[in-house]
Amino acid sequence: MRIFQLIVLLYLGTAAHAATVIYDFNISWVTANPDGLSKRQVIGINNRWPPPKIDAQVGDRLIVNLLNSLGDEDTSLHFHGLFMNGSTHMDGSSMVTQCPIPPGASFTYNFTIDQPGTYWYHSHTQGQYPDGLRGPLIIHDPKTPFQYDEEIVLTVSDWYHDRMSVLQPHFLSKYNPTGAEPVPNSALMNDTQNLTVPMVPERTYLFRIVNMGAFAGQYVWIEDHNMTVVEMDGVYVHPKETTMIYLAAAQRCSFLLKARNETARNFAIIASMDRTLFDTIPPSLNPNVTSYLLYNTTAPLPSPNLLDTFTPLDDTHLRPRDNIGILPPPDQTITLNISMSNLASGANYAFFNNITYTPPLVPTLYTLLSSPNLTTTLHSTIYGTYTNPYLLPHNSIVQLILNNLDTGRHPFHLHGHTFQILHRSAPNAGPWSWSDNNSEYNHKSPMRRDTLSVEPNGNAVVRFKADNPGVWLFHCHVEWHMLSGLAVTFIEAPNILQRTLKVPDDHWAVCRGKDGGRSVPVEGNAAGRGTTDGEVGEWLDLKGEPKPPGNLPKGFTRGGVVALVMSCLSGVMGVGVVGWYGFLEPVETKRGAGERSQTGVSEERKSTGGNDGVGMFNGAVSAPSKKVPDVGGSLLIPVVRRGTEVVDSEAVSFGSETAAVDAVGARSMGEAEENRKGKKDVNGDDAMTRA
């Protein structure tokens, strides 16, 4: 009886602390200029930008009522890092767990939060969040294991001056065959620059930092201060002191900072974009953003000490505070090879195992829910070829082997879970092999997080338990790579999901067009084929499913052959013309017996007419620079006739060097005399010739 009373009291105590937290978000375009360099349209909430921070507590029910007032774009919201246990339909991934929310439509996200930590929310529709639709989401823990006096939330991000609707078409086009990602124009901290953070000496602060960027990882450090890391991606860790952290796009970190016992000066907080990710670095780019710990309002803000080399904490060697041991050997191992290549459109795409993700006609969750029987539900074909689907049995242990065959870092994010990090190689280690099973990693209690950065031409091995029925994306969180197809779909415990999940009416409603018909189908396979009472064969027919452009043809197409032949013919003809021209006599010369001549103007002669090297384009006449034989020779004297720019040469015989010089002078003087007699005007370039 006493135990029962304690259980009731504990339940009532928990219920008393839980609350329903409601946010009403009207999403629309507003104007902002966060870096002070360029005003632009951004996506704001309730006519303001930056978007607000969402605050809740473990056990709370969070409700976000969203109205899309953008007018020209669909939208959605993903709550990054939250597991959405039992609520996969609230995950917010367009064409995965819901239809996109069209302009003028409303949509409600409603779920209970059971995990503390530092998270963020952002649009998960067509690369939209770099336009500004992203903000921090903090889940407070009444039972936090760490003591501190005050909490400070910082966000870091890259920033573009152009809308994604401008940047995307060029990025995914034949005019960008290498797939070079647009380089950000600036870096921001809390969506601004030169932020000041007031400090009280000797107080302990909990800093929560989120990288909300679309592309760039960020190195973060605070001058003359140490950071004690206590959380990564919502996972509490044993405290680890460091002077620098690295946050890839979408990663989060919390650390404790003890304020100094002095007020004489202020200290810089620096975030520096990872420039190794950029194909080119524009000369105008400032990759750093600086904020300040403000100890003294009257003291100057110091210039930051910028670094050329970075030595951040290795997050894979941290240990979770809960000391959860390594998961059992995997029931299913999935090897994912990451690569980039061009398709028939000429654009550069990203691939997992040679498949580039392409959204289906029917949201993947709705395909699952409308499947008529277990046979089709458990058949991966119905979910499409280009959603890259993998079926995960309930509570199975899944191991992912990630082989990064690309030359850039990739931060991979798993929806609905954290994963244990069993191995991450150094750059250029190549694909993973069993010999890479690195004993230096803590395999008794491996680090867990939901986003892991894999090194260029490197590999990683992660493991998780499929204990959260749902449809979950696993994808690169460089938004450019997500757009170009670097994603797979995990369909976890579909039989349980089909039996237990109920989708609210307002979710179905956004799939309908304005005329009352459905603009996005909500039943059938990835191609929209099949009905809730249809035959298996109908569901397995993917004719009409969305596809990426085809592969580049092997060898030459007919048009390519024609172009090659014409190019070769043009080249041969060009060489022939040049050769024919080279055999032509440039001038008519008269030679006497035993005479020697020089044809043309030696490159060693000095030009008297300017910087073109031969002096013929400004009317100047060059004199020979080499000694001319005293006897038996002739000299070709260039004569420029203005107006036609034709250069003629006439042979003048001479018997000595003096005679040759006199001959040139006489010729020039003779022409000058003729000009005077004919009363010609001599000016401009002709004056230079005469001189």
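Biologist: What average pLDDT does the protein chain have?

Modeller: This is a predicted model, so confidence comes first. In the protein chain, 79% of the residues score at least 70. The chain average is a pLDDT of 85.

Biologist: How many contacts does the stretch 589–691 have in the model, beyond near neighbours in sequence?

Modeller: Treat this stretch with its confidence in mind. Over residues 589–691 the pLDDT is below 50. Beyond near neighbours in sequence, the model still gives the stretch contacts, and they number 117.

Biologist: How many helices and strands does the protein chain have?

Modeller: Some context on the fold. Of the 691 residues in the protein chain, 49% are buried. Among contacts between residues at least 6 apart in sequence, 76% join residues at least 24 apart. The secondary structure comes to 11 helices and 32 strands.

Biologist: Which cysteines does a disulfide join?

Modeller: The search of the whole structure finds one disulfide. The S to S distance is 2.0 Å. One partner sits in the loop between β5 and β6, the other in the loop between α7 and α8, 412 residues apart. The pair is Cys99 and Cys511.

Biologist: Is the disulfide of Cys99 and Cys511 right-handed or left-handed?

Modeller: Both cysteines, Cys99 and Cys511, are buried. The torsion about their S-S bond is about 100°. The disulfide is therefore right-handed.

Biologist: Are Cys253 and Cys476 buried or exposed?

Modeller: The cut-off for buried is under 20% relative accessible area. Cys253 has a relative accessible area of 0%. Cys476 is also at 0%. So Cys253 is buried, and Cys476 is buried.

Biologist: Why is β19 largely enclosed by the rest of the structure?

Modeller: In a regular strand the side chains alternate between the two faces of the sheet. In β19, Asn288, Thr290, Tyr292 and Leu294 point one way, while Val289, Ser291 and Leu293 point the other way. Both sets are buried. The strand is enclosed because its buried residues number seven of the seven.

Biologist: With which side chain does the side chain of Asn296 make a polar contact?

Modeller: Asn296 lies in the loop between β19 and β20. Leaving aside neighbours within four places in sequence, Asn296 is in contact with Thr263, Ala264 and Asn266. The polar contact of the Asn296 side chain is at 2.6 Å, and the partner is the side chain of Thr298.

Biologist: Which residues does Asp467 touch, not counting those up to four places away in sequence?

Modeller: Asp467 lies in the loop between β28 and β29. The residue is partly exposed, with a relative accessible area of 42%. Its C-alpha atom is separated by 9.1 Å from that of Asn85, 382 residues apart along the chain. The residues touched by Asp467 are His394, Asn395, His417 and Glu492.

Technical notes
Residues are numbered from 1 along each chain as its sequence is written. This is a predicted model: local features need pLDDT of at least 70, side-chain atom pairs count only at pLDDT 80 or more; totals for chains, interfaces and linings use all residues. Side-chain values use heavy atoms; hydrogens and water are left out. Helices (H or I, at least four residues) and strands (E, at least two) are DSSP runs, numbered from the N terminus. A polar contact is a pair of N or O atoms within 3.5 Å; within protein, one must be able to donate a hydrogen and the other to accept it, and residues adjacent in sequence count only if both atoms are side-chain atoms. Contact means heavy atoms within 4.5 Å. Buried means under 20% relative accessible area, exposed over 50%, partly exposed in between (1.4 Å probe, protein chains only). pLDDT is the predictor's confidence in each residue, from 0 to 100. A disulfide is a pair of cysteine sulfur atoms within 2.5 Å.
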